[in-house]
Amino acid sequence: MAESDLILDEGFPVLSDFKPGSSEAERFPVPRAPFASYTNAITFAQRTSFLNDCALVFNARATEGDEYSSGSTFFLPSSMKPRCALEALAQTIFNKHTEGLEGKFDPKNSGAEWWTLVLDNKLTTSNDPPPKKAIDKDDDDSEDEEDDEVGMHFDADYALEEQASGVFLHPRVATITYLSDVGVPTLILDKRSPPPQDVEKSSLNGSITKGWLSHPSFGKHVSFDGRLLHGAPGEFFPSVSTPESSKYDDDVPEPQTKKQKVEEKADEEDNALVGKRITFLVNIWLNHSTMDAVILDDDIVNKLTTTWEDPDSNAKSDEAHVPAFQWNTKDIANEDKLTNKVSLAKSSDAAGIEDIVLCNRHVDMAFNSPMSDLHDASKLAAKEGSMPLILEEGVLTLTVGREASDDEDDESEED
C-alpha cells in the first residue's frame, strides 16, 4: 500500500484516501461495536510465570527515576516480531481485532500499545471502598499503587495533545484482558472526548444514558471504542466478593517439562500475586504510533521467566514445549450475548459527586441514584460478568468547570 498523508476524522487517525461522505461503519470498520465481551478468551499453560512477568513489567513502569515512569506504556509495531510472551499476547490481540482489514490501514504506522497493571484489591460490598484517584486506560497505577480504583479518563495520545492543544487522538479499539477474578469493575460510558474546535469542552456537559460494567474474571477479554470515557470508580461500583476461583491452577491441560513443573510448584507455594487485580491492557492503534509509548527494553525482556518460542522458528529448544497461552476466541465477531441489563433511575437521594480531570478541565461527575442502587447494579453485573447499563436522564451527569493546572493535568494523564 502506498504511503498516504495522515488526517483526523472523528478522533481517529485515518489515511487520506478514506471516503468522507461514507457512513461511519464504512469509514471505521473497527471498532466493530462500542463494547464487546469475551468470556474465557485466553487460557495459560504457564500461568504463574506469566503473571509474575506482568508484575515485573508493571514494577518497571512504576519505578521512580527509571525511564519507565508510572505514565509509560509500551509499543509493539505491527510488523515487529515478539521477543517474549507478553509481546506475543499484545500482537495476538492486535491481529485478532484487525483481522480482515489488510490493505485498509498503514502497517508501518500501526501497532499495539500495551501495559500491565497489578493492583491490590480491597473487597467491598459496602459504602467504604478504597478512596483513590488513579488512571489506567482501564485502570491505573499512579501514586498509591495499592488501591485498584481507577479515575475516569479517555485513552489518547497525550504527548501529541501537549504539542497540538485540544487535539485528542484515540486508539481505534481499547482492550482489557483480566488475569484475576477480583477487583473493581470497569465502567465504560457512551461518551466521547470533545472535538478540537470545542475550546471550552462544553460538549462534555450533560447526561450520559448508556454504559457497560465489566467485572474481572480470569481469561475474560473486553474491547470497546477507543474514544469512550472509562475507568473503575470503586466508590460507586465496588468490587464484589466471589468464591476463590479454581483457575489458580494452570489452565491448559497439556504436558509440561519437568523443569517447568518444579518452577510452577515453587511459585504457587509463595505467590504474592494471589488476591491482586491483574490486567493486561492493549490499545489498537491504526495509522499512528502513540508518541509516549516505548518498545520494551531488552534488559527487561531478558528478566522475564515465561518460556516462549517464536512459532515460526525452526530451532526448538524443547520438544515438549507448550505455548505460554492459548487464544480461544477464533472470531472476534463471536462476542458474548449480553441479554440482561440493569437500569438506574434518578433520585433525590444521590450517591454523590466526584471531581475528575478530563481534557484539561475539572469536571464534576454526579451520580444521582442512591448509593445502594449503584452497589446493587455492581452485584448484578458481577453475576453476568459484563452487563449494559441503562441510565435514566440525569442519573449520571458531567459538568465542566475551571481549567486544570499543569500539575493536575499531568497527574490525570499518567496512565
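Author: A residue is called buried when its relative accessible area is under 20%, exposed when it is over 50%, and partly exposed in between. The model is a predicted one. In helix α7 the buried residues are Met-371, Leu-374, His-375, Ala-377, Ser-378 and Ala-381.

Reader: How does the reach of α7 compare with the span expected at 1.5 Å a residue?

Author: Helix α7 (residues 371–384) has 14 residues and spans 20 Å from first C-alpha to last, close to the expected 20 Å. Just after α7 comes Gly-385, with a positive phi of about 95°.

Reader: Why is the contact of Arg-83 with Asp-298 called a salt bridge?

Author: The rule asks for a side-chain nitrogen of Lys or Arg within 4 Å of a carboxyl oxygen of Asp or Glu. For Arg-83 and Asp-298 the closest N and O atoms are 2.5 Å apart, so the pair meets the rule.

Reader: Are Arg-83 and Asp-298 buried or exposed, or what lies in between?

Author: Arg-83 has 27% relative accessibility and so counts as partly exposed.

Reader: What makes Arg-361 and Glu-200 a salt bridge, and where do they lie in the chain?

Author: Their N to O distance is 3.1 Å, and the cut-off is 4 Å, so the pair counts. Arg-361 is in strand β19 (residues 361–367) and Glu-200 in the loop between β9 (186–192) and β10 (206–207), 161 residues apart. Arg-361 counts as buried because its relative accessibility is 13%, while Glu-200 is partly exposed at 48%. Shared partners join Arg-83, Glu-87 and Asp-298 into one salt-bridge network.

Reader: Why is the aromatic pair of Trp-114 and Phe-280 called stacked?

Author: Ring centres must lie within 6.5 Å to pair, and planes under 30 degrees apart count as stacked. Trp-114 and Phe-280 are 5.7 Å centre to centre with 15° between the planes, so the pair is stacked. Trp-114 lies in strand β6 (residues 111–120) and Phe-280 in strand β14 (residues 276–285), so the pair ties together parts 166 residues apart in sequence. Both Trp-114 and Phe-280 are buried.

Reader: Why is the pair of Tyr-158 and Phe-168 edge-to-face?

Author: Their ring centres are 6.2 Å apart and the planes stand at 80°, so the pair is edge-to-face, the cut-off for that class being over 60 degrees. Tyr-158 is buried, with a relative accessible area of 7%, and Phe-168 is buried, with 6%.

Reader: Which residues form one aromatic cluster?

Author: The cluster consists of Phe-44, Phe-50, Phe-74, Trp-114, Phe-218 and Phe-280. The charged end of Arg-47 sits over the ring of Phe-218, 3.4 Å from its centre.

Notes:
Residues are numbered from 1 along each chain as its sequence is written. This is a predicted model: local features need pLDDT of at least 70, side-chain atom pairs count only at pLDDT 80 or more; totals for chains, interfaces and linings use all residues. Side-chain values use heavy atoms; hydrogens and water are left out. Buried means under 20% relative accessible area, exposed over 50%, partly exposed in between (1.4 Å probe, protein chains only). Helices (H or I, at least four residues) and strands (E, at least two) are DSSP runs, numbered from the N terminus. The expected span of a helix is 1.5 Å times one less than its number of residues. Rings of Phe, Tyr and Trp (its six-membered ring) pair if their centres lie within 6.5 Å; planes under 30 degrees apart count as stacked, over 60 as edge-to-face and the rest as tilted. A charge sits over a ring if NZ of Lys or CZ of Arg is within 6 Å of the ring centre and within 35 degrees of the ring normal.
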